[in-house]
Amino acid sequence: MRLHGKATIITGAADGIGRGIAIKFAQEGADSLLVDLNKAGVEETARLAGAHGYTPKTMVADISDRTLQGKIIQRAIDEFGVLDILVNNAGVVFVAPFAEFPTDKLHRIMEVNLKAPFLLSQHAARYWIEAKRPGRIVSTSSINAESVQANSVAYSASKGALRMLTKAMAFDLGPHGITCNAVGPGHTRTGMTRPGHAADPTREAKSAAVIPLRRIGEPQDIANAVAFLASSEASYVTGQTIYVEGGRIIWA
Ligand SMILES: NC(=O)c1ccc[n+]([C@@H]2O[C@H](COP(=O)([O-])OP(=O)(O)OC[C@H]3O[C@@H](n4cnc5c(N)ncnc54)[C@H](O)[C@@H]3O)[C@@H](O)[C@H]2O)c1
């Protein structure tokens, strides 16, 4: 119960890694507000997480909507009396060759993967500074913050920027006792990588072959690292991106 009673917001919690984080946080005793566009999915996550502990609250919202970002933070404070942890997990991907990359997809990826974590973190930081509370921000980055694949220009740029956002926020917010870290998954079995999604359905076997640990990740692999970074065990860790990817990055 490393997160007992910790008031937490988890974005992108209707599926995949976010669902895994929600379940892990329930097991660790957190009180969570799950935010997602997908109403049925986020309610199902709350039901699954509730079987392990406190049943999370849910909020259907587009995290890129400027009129909702402050309300998401306030909703958690209203529900729990405080906010302790913000998990910026929601993300989107679109693959296309650089020369043909659609401008609207570029904007969408930057809005969801970079600007929303920036602005949600800013709202949370203002609250923590005002309330003199030590907050924790953990964002879901990607190995694409360090390495690239074909046709992933906008996604890689967004995750690379999220890595530097994490470092820069850590620098500015450290004196307030607020830590900012990220987890960088490699290929993980989720909706984003399911066959039929934007990704190539044969990727799973191809990926496993070039991962030293010879398997792709599961959402709980990522959730374990997020829980550590959100816990008091990581109170002297800030500005870091921890890659959870079976050793993929070290493969030349
Ligand atoms: N699956 C992988 O292999 C992998 C690898 C590296 C990084 N990631 C990152 O992990 C995070 C979670 O991805 P996933 O694989 O679980 O994907 P997923 O598609 O399974 O889940 C993403 C969730 O985010 C929600 N979402 C998307 N845009 C939103 C918005 N604007 N507002 C609110 N909710 C929104 C979706 O509805 C969905 O429930 C993302 O940041 C992704 O970039 C995934």
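Reader: How far apart are the end C-alpha atoms of helix α2 (residues 39-50)?

Author: This is a predicted model, in which local features need pLDDT of at least 70, side-chain atom pairs count only at pLDDT 80 or more, and totals for chains, interfaces and linings use all residues. Residues are numbered from 1 along each chain as its sequence is written. Helices are DSSP runs of H or I with at least four residues, strands runs of E with at least two, both numbered from the N terminus; at 1.5 Å a residue, the 12 residues of α2 should span 16 Å, the expected span being 1.5 Å times one less than the number of residues. The end C-alpha atoms agree with that expectation, at a separation of 16 Å.

Reader: Within what arc do the buried residues of α2 fall?

Author: G41, V42, T45, A46 and A49 are the buried residues of α2, where buried denotes 20 or more other C-beta atoms within 10 Å of a residue's own, exposed 12 or fewer, and partly exposed a count in between, with C-beta atoms placed from the backbone. Seen down the axis of α2, these residues line one face of the helix, because the directions from the axis to their C-beta atoms fall within an arc of 140°.

Reader: Which exposed residues does the face of α2 turned away from its buried side carry?

Author: The buried residues of α2 are covered by elements including α1, β2 (31-36) and β3 (57-60), a contact requiring backbone-placed C-beta atoms within 7 Å. The face turned away from that buried side carries the exposed residues K39, A40 and R47.

Reader: Is K132, with its positive phi, buried or exposed?

Author: Most residues other than glycine have a negative phi. K132, however, has a positive phi of about 55° without being a glycine, and lies in the loop between α4 (103-131) and β5 (136-140). Since K132 has 8 other C-beta atoms within 10 Å, K132 is exposed.

Reader: Where does R214 lie?

Author: R214 is also a residue other than glycine with a positive phi, near 60°. With 11 other C-beta atoms within 10 Å, R214 is exposed. Its position is the loop between α6 (203-209) and α7 (219-230).

Reader: Which residues around the ligand are the closest?

Author: The shell around the ligand divides into 9 nonpolar, 16 polar and 3 charged residues. Helix α1 (residues 16-27) gives the most to this shell, with 3 residues. Of the 28 residues that surround the ligand, the closest are G12, G16, G91, T190 and G191.

Conventions:
A residue is near a molecule or strand if its C-beta atom, placed from the backbone, lies within 6 Å of it. Ala, Val, Leu, Ile, Met, Phe, Trp, Tyr, Cys and Pro count as nonpolar, Asp, Glu, Lys and Arg as charged, and the others, Gly among them, as polar. Two residues are in contact if their C-beta atoms, placed from the backbone, lie within 7 Å.
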